[in-house]
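Student: Hey, can you walk me through this one? I'd like to start with the ligands and see where we end up.

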Amino acid sequence: MRTRASPAWLALWPVVALVGLALPRAAALERPAPHASRTSANAETEIPDDHACMRCHPDQTAQWRGSPHQSSYVESTFQAALAREPRAYCRACHAPLSDRGVTVDAEAAALGVACTSCHVRDGMILASTTGTSAAIAPHSFTRSAALDGVDGCAGCHDFPFPDFALRDRPLAMQRTVSEHAASPFAAVSCVACHMPRGDDGRRGHGFVASRDPDLVRAAVDVDAVRVGPTRVKITLRAADVGHAFPTGDLLRRVEVGATTVRSDGEGRAVRRFLARHFGDRVQSSGARLRVEIADDRVPAGGMRVVELDVPEADGHRVRWWVEYQRVAHQRSRDEATAEQDGEISVAGGILEPEPPR
Ligand code: HEC
Ligand code: HEC
Ligand code: HEC
Ligand code: HEC
Ligand code: HEC
């Protein structure tokens, strides 16, 4: 039987879109509620606030301080992006402790994604199913697979663009969790790779990924060969990475490039960017919407082969490289003009000219 959507529900859609509550994933925990630790409801259930957690758990706190989670609102790349696209929507994940006001207060900004953002749900402190407290905790807690499984990360690491109400099908802004679910690493939790245990056997809270050269280099095995006088074939095979490489924010990408090396210097560089590539399409409603044209990132458990034609390389050496890049701002549709925030050299080398046949 088909029922008509109720007018009340329809009237709510734009409001829902405005406050930025994206379509909830069936299995995911709800996105952290504003004021997760600072509402009167929490006072009633006597959940300590973030500052109290930190006073009693100095080791986790020291690792979290300065982590991408702690700086998720204050860091400069996010602030620059927010200035270009100021939306209340962004606060749900970058300043989950803020209220629904227009501005984010200094405390919520400084806390970013803090202890209660991950550990407190429905008035309970969540602990991992495998944890063993070193002492008796002065607070109650619930051992929950939702914390150490994928669900604890899903609400923030897999979500659609805020314009989903205008589309037939929402377009993912990030889809790390879906990539992980479809990968050979589906049974390995995010925590297993992103919260390595320290000397004390406890899970690390530093969450460094795209700024950790060792981790980024561990993601792929790369080799390069000449396959013609001017052609170079570069193969990237996914290694210990539980999702596409790169994943996360839409402006993460990998540059694969090569150039001719001659005695008088280097020739013109040829480059390819492995990324999610976007364009515009005009909808029947007249709205201009961003669409994903192609995704040529390295899939988890798979590989990507890039062949480059290097001008004037015949009889000369060729230098090649693979760089992981964090793009700060895609100035135009021309990917080569993007403003960059930082890069990590993943692999590179020199290929000798092919012997004359
Ligand atoms: C991004 C989410 C996230 C944030 C933010 C976070 N934690 Fe955790 N924490 C976890 C997860 C997930 C685990 C469980 C990992 C496992 O053992 O599977 C955990 C484990 C712990 C443990 C048990 C450690 C162990 O290995 O026995 C303590 C204590 C803890 N967190 C305290 C804190 C405190 C204090 C803060 C704030 C400074 C904090 N956490 C911030 C996700 C988070
Ligand atoms: C008054 C001090 C105190 C406060 C406040 C406090 N904790 Fe604890 N907590 C402890 C102690 C002590 C333990 C047991 C020893 C240990 O595991 O570190 C514990 C245990 C835990 C565990 C279980 C570790 C495990 O898996 O066995 C988690 C998770 C945790 N706390 C998180 C938090 C979070 C999140 C907050 C804030 C909402 C918080 N704690 C506030 C003192 C405190
Ligand atoms: C409340 C939302 C929220 C939750 C829950 C959350 N994250 Fe995050 N996470 C963020 C935000 C926002 C950033 C981006 C910070 C920045 O770089 O501006 C981030 C950054 C990261 C990074 C660093 C990415 C990089 O580019 O280096 C890793 C790794 C990460 N998160 C893993 C996890 C894992 C694993 C979990 C689950 C245990 C988790 N997160 C839970 C919001 C969240
Ligand atoms: C098998 C290990 C492994 C698993 C499982 C894993 N990751 Fe990663 N992750 C990596 C490696 C290695 C990198 C660095 C390479 C890269 O940047 O993609 C990384 C990078 C990231 C980044 C930085 C974005 C980027 O690509 O620059 C984020 C965010 C992230 N992971 C989140 C997650 C989340 C959320 C999960 C669970 C759904 C998860 N990861 C599961 C290994 C893993
Ligand atoms: C549903 C959660 C969520 C929402 C909503 C969200 N983000 Fe994010 N954002 C994340 C996560 C998780 C990361 C980390 C992924 C990574 O590092 O690749 C991130 C990373 C970023 C980064 C990269 C930061 C860096 O240091 O490189 C920028 C910039 C950013 N977000 C801007 C925004 C803006 C602007 C909005 C609002 C239009 C927004 N985000 C909305 C979860 C969210």
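This is a predicted model: local features need pLDDT of at least 70, side-chain atom pairs count only at pLDDT 80 or more; totals for chains, interfaces and linings use all residues.

Student: Got it. Which residues are the closest to ligand 2?

Tutor: Cys 53, Cys 56, His 57, Ser 133 and His 139 are the closest, out of 22 residues that surround ligand 2.

Student: And which polar contacts does ligand 2 make with side chains?

Tutor: His 57 has a polar side-chain atom 2.8 Å from a nitrogen atom of ligand 2. The side chain of Ser 133 puts an N or O atom 2.6 Å from an oxygen atom of the ligand. For Arg 202, a polar side-chain atom lies 2.7 Å from an oxygen atom of ligand 2.

Student: Which elements give two or more residues to that shell?

Tutor: They are α3 (50-56), α8 and β2 (124-127). By class, the shell around ligand 2 has 13 nonpolar, 7 polar and 2 charged residues.

Student: OK, switching to ligand 4. How many residues surround it, and which are the closest?

Tutor: There are 24 residues around ligand 4, and the closest are Cys 190, Cys 193, His 194, His 243 and Tyr 324.

Student: Which protein atoms are donors to the iron atom of ligand 4?

Tutor: His 194 and His 243, each through NE2, lying 2.0 Å from the iron atom. The site is octahedral, with angles of 88 to 179° among its 6 donor atoms.

Student: And where in the chain do those two histidines sit?

Tutor: His 194 is in helix α12, while His 243 is in the loop between β7 (231-238) and β8 (252-262), so the pair ties together parts that are 49 residues apart in sequence.

Student: Are they buried or exposed?

Tutor: They fall into two classes. His 243 has 15% relative accessibility, so it counts as buried. His 194 is at 27%, so it counts as partly exposed. The cut-off for buried is under 20%.

Student: What else lines ligand 4? Which domains does the shell draw on?

Tutor: Domain 1 (7-194) and domain 2 (213-351) each give at least three residues to it. Among the helices, α11 (176-181), α12 (190-194) and α13 (213-217) each supply at least two residues. By class, the shell divides into 13 nonpolar, 9 polar and 2 charged residues.

Student: Now ligand 1. Which residues come nearest?

Tutor: Cys 115, Cys 118, His 119, Asp 148 and His 205, out of 19 residues around ligand 1.

Student: What are the protein donors of its iron atom?

Tutor: His 119 and His 205, both through NE2, lie 2.0 to 2.1 Å from the iron atom of ligand 1. The site is octahedral, with angles of 87 to 179° among its 6 donor atoms.

Student: How far apart in the chain is that pair?

Tutor: 86 residues, with His 119 in helix α8 and His 205 in the loop between α12 and α13, so the pair links distant parts of the chain.

Student: Last one: where's Ala 154, and is it buried or exposed?

Tutor: Ala 154 is in helix α10 (residues 151-157), and it is buried, at 0% relative accessible area.

Terms used:
Residues are numbered from 1 along each chain as its sequence is written. Chains are lettered from A and ligands numbered from 1 in the order in which they are written. Side-chain values use heavy atoms; hydrogens and water are left out. A residue is near a molecule or strand if one of its heavy atoms lies within 4 Å of it. Helices (H or I, at least four residues) and strands (E, at least two) are DSSP runs, numbered from the N terminus. Ala, Val, Leu, Ile, Met, Phe, Trp, Tyr, Cys and Pro count as nonpolar, Asp, Glu, Lys and Arg as charged, and the others, Gly among them, as polar. Domain bounds come from an automatic or database domain assignment. Donors are N, O and S atoms within 2.8 Å of the metal (3.2 Å for Na, K and Ca); water is not among the atoms, so sites may look incomplete. Four donors count as tetrahedral if all angles lie between 85 and 135 degrees; four count as square planar and six as octahedral if opposite donors are over 155 degrees apart and all others between 65 and 115; anything else is irregular. Buried means under 20% relative accessible area, exposed over 50%, partly exposed in between (1.4 Å probe, protein chains only). A polar contact is a pair of N or O atoms within 3.5 Å; within protein, one must be able to donate a hydrogen and the other to accept it, and residues adjacent in sequence count only if both atoms are side-chain atoms.
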